[in-house]
Amino acid sequence: MATHRDKKLAEERKHQSMQNGTKASQGQWGRAWEVDWFSLASILFLLMFAPLIVYYFIMSCAQYQCSVTAPLLDLLTGNKHLSDIWNRTPMLTSRAAGIYSLWVAFQVVLYMSIPDFCHKFLPGYVGGVQEGAVTPAGVVNKYQINGLQAWLITHVLWFANASFLHFFSPTIIFDNWIPLLWCANILGYVVSTFAMIKGYFFPTNAQDCKFTGNFFYDYMMGIEFNPRIGKWFDFKLFFNGRPGIVAWTLINLSFAAKQQELHGEVTNSMILVNILQGIYVLDFFWNEAWYLKTIDICHDHFGWYLGWGDCVWLPYLYTLQGLYLVYHPVQLCPAHALGVLVLGLLGYYIFRATNHQKDLFRRTNGNCRIWGKRPEYIECSYSSVGGTRYHSKLLTSGFWGWARHFNYTGDLMGSLAYCLACGFEHLLPYFYITYMAILLTHRCLRDEHRCRSKYGKDWERYTAAVPYRLLPGVF
Ligand code: NDP
């Protein structure tokens with residue numbers, strides 16, 4: 001599949017990167033240099049089926065009251081043909097195209113034109129210009145961290161409109177949900193294709209590009225590490241953080257407004273989903289500077305996986321619970337509602353506290369207190385391509401002594417709480433916990449593979465000291 005030119009380019013880039021005197025080994029970052037058949041098969045599967053999966057879920061709500069089995073049964077028994085389902089699907093409309101273009105343009109303006117002012121008056125908040133981690137080529141990018149401000153301005157305007165301006169109905173997102181899906185897909189494909197072309201012809205930093213020579217793999221996993229337009233428009237930060245995640249809470253609010261319109265009330269389950277997911281989104285923006293040090297930004301290249309995923313997968317599938325509750329307004333008994341709230345808040349606490357412990361430990365180089373005590377850790381070292389030796393530390397106390405990825409465990413508990421808020425009548429709301437369990441388990445394995453090759457024997461000592469990944473005593 002790889003052309004001779006692609007292979008030659010891959011070799012040239014690899015050689016260039018190696019010669020660049022990078023601060024750490026290229027092999028330690030991001031996606032692979034070479035593609036094995038399993039990765040290729042998974043990628044082809046996702047490229048073909050991920051858009052269909054999103055369509056299937058959204059269509060099953062619009063046409064089958066969120067039953068995921070009913071459309072399949074209809075098709076298998078010959079009751080309906082694909083064309084029947086397709087013919088009942090709303091198409092792209094000029095109204096949806098207008099709303100979507102305005103939305104993305106507004107987020108671009110907020111991102112590019114209003115430097116952060118929140119850090120000037122919010123104690124403890126880190127915003128403004130911040131540095132990311134060192135890239136494989138040894139570059140340290142600067143980022144304008146103003147996501148919290150963008151989120152606040154957007155939501156103030158939303159509530160102002162809903163309360164007294166009345167320019168549009170708060171149900172606008174729900175009412176255009178499928179036409180907006182086509183717009184999100186167009187943006188997702190355009191941005192991923194643009195990123196691919198840019199990687200080949202005008203990369204922001206040629207030393208930070210990876211070419212495997214396999215078109216599909218490069219398209220999916222990305223070529224450029226940090227594609228930018230100009231000095232500040234960073235694709236990864238913008239698409240990861242803005243149109244999708246800012247929209248997440250607005251989408252839930254629109255679903256709540258639709259529930260009110262259709263059923264005359266907003267149920268406690270809808271309120272719980274809005275609150276718990278709202279906390280998660282706000283946490284993301286409050287910690288946006290920390291986010292620069294997570295795997296998405298530090299290790300992943302920008303391709304279809306991030307570009308299309310942030311435009312389509314995230315806003316459409318992470319909000320399935322709210323969508324479901326419009327069709328099935330579940331009113332939970334107090335004990336059930338309290339259970340969901342406690343699980344959600346406990347999950348969030350574990351997620352945040354675990355991430356905070358690692359962040360504090362790494363920032364202070366171990367000169368801190370974890371649960372009131374000096375942290376315990378394993379000293380480790382690794383080599384760069386040029387043979388330079390670097391030192392690092394792996395925390396083995398606090399939540400990091402319980403399991404190697406207890407932050408993921410907290411995330412999974414929170415995810416389960418959103419699903420449980422929807423009751424037990426249908427499978428569709430449980431897609432989220434299933435997906436997160438697969439995503440985070442795969443992420444554990446991917447991250448550990450990388451860490452093992454980075455730290456070698458020191459990683460073995462660490463896994464002996466902290467033997468479990470997610471659940472102490474189980475896995
Ligand atoms: P982590 O924040 O766990 O970062 C992993 C890295 O931390 C490793 O590669 C290693 O990097 C370092 N590390 C590993 N163990 C230790 C240790 N014991 N002490 C110190 N450093 C250590 O992973 P992510 O970036 O994937 O996740 C960040 C958060 O984002 C998580 O809470 C996760 O749940 C959440 N998330 C949510 C998603 C969603 O869609 N909702 C998707 C993905 C993540 P090094 O090379 O520096 O040693």
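This report describes the fold of a predicted protein chain and the surroundings of its ligand.

**Overall fold and confidence**

The protein chain contains 22 helices and 6 strands. Its radius of gyration is 23 Å, close to the 23 Å that the globule rule gives for 475 residues, so the chain is as compact as a globular protein of that length. The average pLDDT of the protein chain is 90, and 92% of the residues score at least 70. Where pLDDT is low, the predicted coordinates should not be read in detail.

**The shell around the ligand**

The ligand is surrounded by 25 residues, of which Tyr408, Asp411, Asp447, Arg450 and Tyr455 are the closest. By class, the shell comprises 14 nonpolar, 3 polar and 8 charged residues. Four elements each supply at least two residues of this shell: helix H18 (334-363), strand E6 (389-395), helix H20 (406-420) and helix H21 (431-455). Helix H21 gives the most, with 8 residues.

**Polar side-chain atoms at the ligand**

| Residue | Ligand atom | Distance |
|---|---|---|
| Arg362 | oxygen | 2.7 Å |
| Arg450 | oxygen | 2.5 Å |
| Tyr462 | nitrogen | 2.8 Å |

Taken alone, the ligand exposes 930 Å², and the protein buries 91% of that area. Arg450, whose side chain places an N or O atom 2.5 Å from a ligand oxygen, is also among the closest residues of the shell.

Conventions. Residues numbered from 1 in each chain as written. Predicted model: local features only at pLDDT ≥ 70, side-chain atom pairs only at ≥ 80, totals over all residues. Heavy atoms only, no water. Near = heavy atom within 4 Å. Polar contact = N/O pair within 3.5 Å; in protein donor to acceptor, adjacent residues only side chain to side chain. Areas by Shrake-Rupley, 256 points an atom, 1.4 Å probe, with all protein chains shown as cover. Nonpolar A, V, L, I, M, F, W, Y, C, P; charged D, E, K, R; others polar. pLDDT = per-residue confidence, 0-100. Rg over C-alpha atoms; globule rule 2.2 N^0.38 Å.
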